[in-house]
Amino acid sequence: RLVAALFEVDATLSEKQLKALELKYIIQCMAQLGSYTETAPILFSCDVLDLTMRMLRYYGCKERADSHREILLDILRMLSQMMCHRKFAVNFVQSRGIQQLLQLC
């Protein structure tokens, strides 16, 4: 019964809200995958750094930051998991990722 309740979708959700939920869950899955060393090569081959930088630029801008605060927090959680990998961290710093984070403030 609990499992069924977890998968029930509110019929009043708009398409935009469903897409936001889908994005949130994808980001959360990527964050979980990023916590495992074994999955790092797969994530790097999918260019997760470029994807992360694009999401930070898009959802971190002032116009969208307030309305997408929850997604932005999930992106930051995913980033914290990915930064545990040295290769990702070095590439993130070299691609001006720290400056991108500072612009969120």
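Is lysine 24 buried or exposed? At 16% relative accessibility, lysine 24 counts as buried, because the cut-off for buried is under 20%. The points below take up this residue and its partners, then the rest of the model, which is a predicted one.

1. Overall fold. The protein chain has eight helices and zero strands. Read along the sequence, the pattern is accordingly α-α-α-α-α-α-α-α. Of the 105 residues in the protein chain, 30% are buried.

2. Lysine 24 and glutamate 70. These two residues form a salt bridge, and their closest N and O atoms are 2.4 Å apart. The pair links distant parts of the chain, with lysine 24 in helix α2 and glutamate 70 in helix α6, 46 residues apart.

3. Lysine 24 and aspartate 74. Lysine 24 also meets the side chain of aspartate 74 in a salt bridge, at 3.5 Å from N to O. Lysine 24 lies in helix α2 and aspartate 74 in helix α6, so this pair ties together parts that are 50 residues apart in sequence. Aspartate 74 counts as buried, because its relative accessibility is 4% and the limit is under 20%.

4. The network. The structure holds five salt bridges. Lys24, Glu70, Asp74 and Arg77 are linked in a network of such bridges. A reader checking the model could begin with lysine 24, which has salt bridges to glutamate 70 and to aspartate 74.

5. The side chains of lysine 19 and glutamate 15 meet in a salt bridge, 3.9 Å from N to O. Both residues lie in helix α2, four residues apart, which is about one turn of the helix. Glutamate 15 has a relative accessible area of 58% and is therefore exposed, the cut-off being over 50%.

6. The largest pocket. Its volume is about 290 Å³. There are 14 lining residues, and Lys16, Ala20, Leu21, His68 and Ile71 are the closest to the centre of the pocket. Helices α2 (15–34), α4 and α6 (69–82) each supply at least two residues of the lining. The largest share, seven residues, comes from α2. By type, the lining divides into six nonpolar, three polar and five charged residues.

7. Helix α4. This helix has 13 residues and reaches 17 Å from its first C-alpha to its last, close to the 18 Å expected at 1.5 Å a residue. The buried residues of α4 are Val48, Leu49, Thr52, Met53, Met55, Leu56, Tyr59 and Gly60. Why can they be said to line one face of the helix? Seen down the axis of α4, these buried residues fall within an arc of 165°, so they line one face.

8. Arginine 57. This residue is placed in helix α4, which covers residues 48–60. Its relative accessible area is 43%, so arginine 57 is partly exposed; the class lies between the cut-offs of 20% and 50%. Arginine 57 and leucine 104 are 47 residues apart in sequence, and their C-alpha atoms are 9.0 Å apart in space.

9. Aspartate 47. Although aspartate 47 is not a glycine, it has a positive phi of about 55°. Aspartate 47 is placed in the loop between α3 (40–45) and α4. With a relative accessibility of 43%, aspartate 47 counts as partly exposed.

10. Arginine 96. This is another residue other than glycine with a positive phi, here near 65°. Arginine 96 lies in the loop between α7 (86–94) and α8 (97–102). Arginine 96 counts as exposed, because its relative accessibility is 53% and the cut-off is over 50%.

Terms used
Residues are numbered from 1 along each chain as its sequence is written. This is a predicted model: local features need pLDDT of at least 70, side-chain atom pairs count only at pLDDT 80 or more; totals for chains, interfaces and linings use all residues. Side-chain values use heavy atoms; hydrogens and water are left out. Buried means under 20% relative accessible area, exposed over 50%, partly exposed in between (1.4 Å probe, protein chains only). On a 1 Å grid over the protein atoms alone, a cavity is a set of points where a 1.4 Å probe fits but cannot get out, and a pocket is an open set with protein on both sides within 12 Å along at least five of seven lines; lining residues have an atom within 4 Å of a point. Grid points are joined across faces, edges and corners, and a volume is the space filled by probe spheres set on the points. Ala, Val, Leu, Ile, Met, Phe, Trp, Tyr, Cys and Pro count as nonpolar, Asp, Glu, Lys and Arg as charged, and the others, Gly among them, as polar. The expected span of a helix is 1.5 Å times one less than its number of residues. The arc is that of the directions from the helix axis to the C-beta atoms. A salt bridge is a side-chain nitrogen of Lys or Arg within 4 Å of a carboxyl oxygen of Asp or Glu.
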